Amino acid sequence: MGRKNRPRQRAQQNRDGRAEGKRSRDDAGWGAGYSEIIKENKLFEHYYTELKIVPEGEFEEFMQAMREPLPATMRITGYKSHAKEILHTLKEKYFKEVQDLEVDGQKIEAPQPLSWYPDELAWHTNLSRKILRKSPLLEKFHQFLVSETESGNISRQEAVSMIPPLLMKIEPQHKILDMCAAPGSKTAQLIEMLHSDMDIPFPEGFVIANDVDNKRCYLLVHQAKRLNSPCIMVVNHDASSIPRLYFDQDGKKDILFYDRILCDVPCSGDGTMRKNIDVWKKWTTSNSLQLHGLQIRIAVRGVEQLAVGGRMVYSTCSLNPIEDEAVIAALLEKSEGALELADASADLPGLKYMPGITSWKVMTKEGQWFSDWSEVLKSRHTQIRPTMFPPTDPEKLASMKLERCMRILPHHQNTGGFFVAVLVKKAPMPWNRRYPKGESPAEGNPSVPDTPDLLEVKKDDVCGQPICSVCSSPPPPKKMKLFGFKEDPFVFLTEDDPIFPPVQAFYDLSPDFPKLNVLTRTHEGKKRHLYMVSKELRNVLLNNSERMKVINTGVKIWSRNTDGEQFGCAFRLAQEGVYTLCPYIRARILNISVEDVKVLLTQENPFLSKLGDDAHNQAKKLGQCHSEDLNAPQCPIDLCGWRGKTSIRAFVPRNERLHYLRMVGVEVFCDKQGKRNDGSTEIPEGSAEGLSQEADLLEQEGEEMEQNGSESNANGPEPIGSTCDGSAS
């Protein structure tokens with residue numbers, strides 16, 4: 001998807017840049033390398049002192065925390081069966097090893113779990129990259145984190161960023177929209193929650209992850225592909241006008257309303273000062289004034305597409321009430337009772353936060369304050385809007401319950417700054433209840449023909465807010481504008497496609513295998529890869545191909561292997577799709593021991609005789625049989641391989657090899673000179689050192705993207721080593 005030559009050029013440029021003395025990754029995000037930036041902004045301090053969002057007597061502590069580096073935080077992928085094994089390894093091996101360690105006279109603090117994150121699956125540590133590379137023990141820990149991150153088993157994510165998905169209360173059947181998804185850390189959480197039951201290969205629900213920036217969409221794809229889900233679709237649209245989608249239900253075409261929506265809008269980002277040092281010198285109140293209208297438009301578009309009874313979580317990494325409570329208040333006022341703020345105070349026990357405020361003022365970048373819209377000069381009406389002020393009616397203000405909003409302050413739990421609010425939809429939005437004559441209600445009776453969007457309404461030329469009109473007609477349909485790289489089409493296979501009979505026979509697929517969910521990316525020529533999506537995503541794709549720009553969807557399950565044609569099947573399994581396919585495959589399965597796993601993952605093409613007797617006999621017969629190993633990990637491990645005449649090879653990506661080796665008790669570690677931990681100097685394919693170099697660059701790019709709100713990698717890099725996928729044969 002897209003051209004793939006630039007990421008490597010980019011990586012080389014990054015390496016060259018570091019050689020020339022540019023800022024290294026050791027310094028990124030920790031404040032070093034920004035010594036010329038003084039962490040002071042008098043306007044910022046004056047503004048938040050006046051607004052009183054910080055409890056009395058805590059402002060100095062608040063400012064001191066803002067100047068401190070942000071702790072690194074990580075999250076273990078909770079839905080995977082390997083989560084408990086990884087958590088056990090972290091706690092019993094790495095965390096214990098660093099507990100009493102000293103580096104340069106500084107005692108290393110052992111990582112601690114986030115008290116409010118369920119099941120100890122999220123941790124924070126004060127270890128910087130510079131410290132990580134100064135001790136062999138810490139270097140091992142760093143390599144472990146890098147390879148497990150690329151395998152999708154661990155995600156490095158800011159602590160406060162983990163909050164919104166937790167408040168959405170996601171269930172496997174939910175249809176979810178992530179409106180402003182890049183760089184994708186929250187999207188990954190949504191996918192995890194959708195797959196909370198690993199025994200269900202195809203949850204009924206799905207995640208549609210959207211971003212307006214075509215280039216950032218590919219970073220989003222990279223994040224999502226680590227989780228190997230058939231229930232994710234990445235699309236590229238302006239969130240404030242994201243198209244309404246349709247799907248078939250009971251033979252009728254219905255409008256798609258989402259059960260859950262994450263509305264993490266673009267913001268001024270003054271809650272990120274601890275990691276994004278540039279904000280100190282760039283911060284001004286005009287940033288919030290300029291973003292306020294866009295934030296409302298995105299939020300309005302979100303609640304329009306939310307199902308009645310659904311939940312939308314609105315969040316920003318800004319502390320400014322103009323971007324926070326003002327947007328929520330405007331949304332509640334426009335809803336005329338259709339929306340209400342949910343009380344989420346008991347949803348995350350242990351999380352410290354401040355309740356939303358009900359009184360605030362507006363300040364210009366010149367420092368002029370306004371307490372009410374009536375005070376604003378007409379010359380400033382294009383800069384300052386009525387929705388930026390709190391409601392003047394005390395009863396209306398009280399009914400909004402703005403105190404149910406949650407503002408996380410950095411000094412309370414050593415985090416970044418953040419704002420989050422949970423909205424529940426009680427009824428259709430008021431302008432959705434007013435229709436041109438002759439039209440049927442979209443939400444009351446959603447079975448409507450594929451006509452122009454009935455919920456599109458006129459907008460105020462200044463603030464862009466909806467103007468409800470009983471007699472206005474829907475606007476004429478606009479041709480969808482496409483920007484960025486042109487993607488190959490998604491083509492679903494038919495049940496009688498000639499590809500299926502040999503594949504069906506070769507792998508003895510069960511009768512309930514969903515053939516209609518298999519797709520490819522080309523109309524012409526031989527099909528190189530086959531992908532699979534869930535039933536509901538197939539429904540959405542088939543009914544909206546002209547309405548949306550899809551960047552990526554599904555999980556790869558088979559890849560063409562011309563050598564296999566002589567055996568009757570031209571397709572081998574892809575490792576990323578093996579867990580999706582396993583429930584349907586009834587042949588060509590070998591059950592092997594832990595020692596056999598070690599052989600397959602440490603030797604390139606081991607002879608069959610290197611396997612244990614049981615696995616050797618199975619490989620020769622290629623039948624399905626069973627063996628047990630009491631020392632095996634307490635979770636299943638599925639690997640793809642290819643059997644030759646005398647040898648067998650595991651087709652597993654390099655980073656995943658390291659993961660599975662750790663699962664069976666083998667630790668591959670390389671020092672800075674490329675020496676393996678067994679004393680040899682050869683760096684094996686798939687070693688942590690080779691992985692670390694390339695993965696570090698991707699990790700650096702991803703963090704810079706999240707901090708700076710931009711992404712220049714337009715070509716959608718595949719996860720490192722993902723070309724080594726293969727099949728059981």
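Helix α3 (residues 59-67) has F59, F62, M63, A65 and M66 as its buried residues, where buried means under 20% relative accessible area, exposed over 50% and partly exposed in between (1.4 Å probe, protein chains only). Because these residues cover an arc of only 160° around the axis, they lie on the same side of α3; the arc is that of the directions from the helix axis to the C-beta atoms. The model is predicted: local features need pLDDT of at least 70, side-chain atom pairs count only at pLDDT 80 or more, and totals for chains, interfaces and linings use all residues. Residues are numbered from 1 along each chain as its sequence is written, and side-chain values use heavy atoms, with hydrogens and water left out.

**Helix α3 and the chain**

- The buried residues of α3 pack against α2 (42-51), α10 (279-282) and α14 (410-413). Contact means heavy atoms within 4.5 Å.
- The chain holds 21 helices and 29 strands. Helices (H or I, at least four residues) and strands (E, at least two) are DSSP runs, numbered from the N terminus.
- Of the 729 residues in the chain, 57% are buried.
- Take the contacts in the chain between residues at least 6 apart in sequence: 76% of them join residues at least 24 apart.

**Helices α11 and α12**

- Helix α11 (residues 285-304) packs on helix α12 (residues 325-335) at an angle of about 45°, and their axes are 10 Å apart. Axes are lines fitted to C-alpha atoms, for helices over the stretch in contact, and angles run from 0 to 180 degrees between N-to-C directions.
- The pair is therefore oblique. Angles under 35 degrees count as roughly parallel, over 145 as roughly antiparallel, 65 to 115 as roughly perpendicular and the rest as oblique.
- On α11, the contact is made by H292, Q295, I296, A299, V300 and V303. On α12, A326, V327, A330, L331 and K334 make the contact.

**Cysteines**

- A disulfide is a pair of cysteine sulfur atoms within 2.5 Å. The count by this rule is zero.
- C180 is buried, at 13% relative accessibility. Its closest cysteine sulfur is in C263, 6.0 Å away, too far for a bond.
- C317 is partly exposed, at 23% relative accessibility. Its closest cysteine sulfur is in C267, 3.2 Å away, also too far for a bond.

**Residue E85**

- E85 sits in helix α4 (residues 83-98). At 18% relative accessibility, E85 is buried.
- E85 and R662 are 577 residues apart in sequence but 9.5 Å apart in space, C-alpha to C-alpha.
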